[in-house]
Amino acid sequence: MHTTHTPGPWHVAGDTAFDCSIRIIPSFPKGPACIAHAMATVPATTAHANARLIAACPDLLVALEQVLPLVAQYVKLTTEGAHSYIVARAAIAKAKGGPQ
């Protein structure tokens with residue numbers, strides 16, 4: 001499945017009392033572009049936590065794609081991993097815009 005999202009890594013930038021937002025910025029040579037804003041309508045610690053989670057998404061997707069074959073092997077050995085495998089596949093499909 002082909003993805004069209006901005007490639008990672010992404011990082012958190014900004015944190016001023018004046019714009020009340022924390023920006024998630026990709027790191028690529030063509031210059032920065034804003035991916036998302038974590039608006040400070042919530043406590044600042046929550047906004048920072050949300051921004052860190054969003055910024056980690058490209059890395060989390062890659063890690064989940066790399067771990068999925070290992071989970072598939074575990075599922076073959078036990079039934080305990082079946083739910084985790086289904087959840088992981090659905091998360092990857094959701095991130096890539098495919099059927100869930």
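This is a predicted model: local features need pLDDT of at least 70, side-chain atom pairs count only at pLDDT 80 or more; totals for chains, interfaces and linings use all residues.
Residues are numbered from 1 along each chain as its sequence is written, and side-chain values use heavy atoms, with hydrogens and water left out.

**Overall fold**

- The protein chain holds three strands and two helices; these elements are DSSP runs numbered from the N terminus, with helices being H or I of at least four residues and strands being E of at least two.
- The order of elements along the sequence is β-β-β-α-α.
- Of the 100 residues in the protein chain, 21% are buried (buried means under 20% relative accessible area, exposed over 50%, and partly exposed in between, with a 1.4 Å probe and protein chains only).
- Residues at least 24 apart account for 32% of the contacts in the protein chain between residues at least 6 apart in sequence, a contact being heavy atoms within 4.5 Å.
- The protein chain has an accessible surface of about 6900 Å², and carbon and sulfur atoms contribute 64% of that area (Shrake-Rupley method with a 1.4 Å probe; for residues, only the protein chains shown count as cover).

**Largest pocket**

- The largest pocket contains about 220 Å³ of space; a pocket is an open set of points on a 1 Å grid over the protein atoms alone, where a 1.4 Å probe fits, with protein on both sides within 12 Å along at least five of seven lines.
- Grid points are joined across faces, edges and corners, and the volume is the space filled by probe spheres set on the points.
- The lining, defined as residues with an atom within 4 Å of a point, consists of His5, Trp10, Cys57, Pro58, Leu60, Leu61, Leu64, Ala91, Ile92 and Ala95.
- Helix 1 provides five residues, the largest share of this lining.
- By residue class, the lining of the largest pocket comprises nine nonpolar residues, one polar residue and no charged residue (Ala, Val, Leu, Ile, Met, Phe, Trp, Tyr, Cys and Pro count as nonpolar, Asp, Glu, Lys and Arg as charged, and the others, Gly among them, as polar).

**Salt bridge**

- The structure has one salt bridge, meaning a side-chain nitrogen of Lys or Arg within 4 Å of a carboxyl oxygen of Asp or Glu.
- It is formed by the side chains of Glu65 and Lys96, at 2.5 Å from N to O.
- Because Glu65 belongs to helix 1 and Lys96 to helix 2, this pair ties together parts that are 31 residues apart in sequence.
- Glu65 is partly exposed at 29% relative accessibility, and Lys96 is also partly exposed, at 22%.

**Selected residues and C-alpha distances**

- Pro26, in strand 2 (residues 21-26), is buried at 3% relative accessibility.
- His11, in strand 1 (residues 10-13), is partly exposed at 35% relative accessibility.
- His11 and Ile35 are 24 residues apart in sequence, and their C-alpha atoms are 9.7 Å apart.
- Val62, in helix 1, is partly exposed with a relative accessible area of 42%.
- Val62 and Gly8 are 54 residues apart in sequence, with a C-alpha to C-alpha distance of 9.7 Å.
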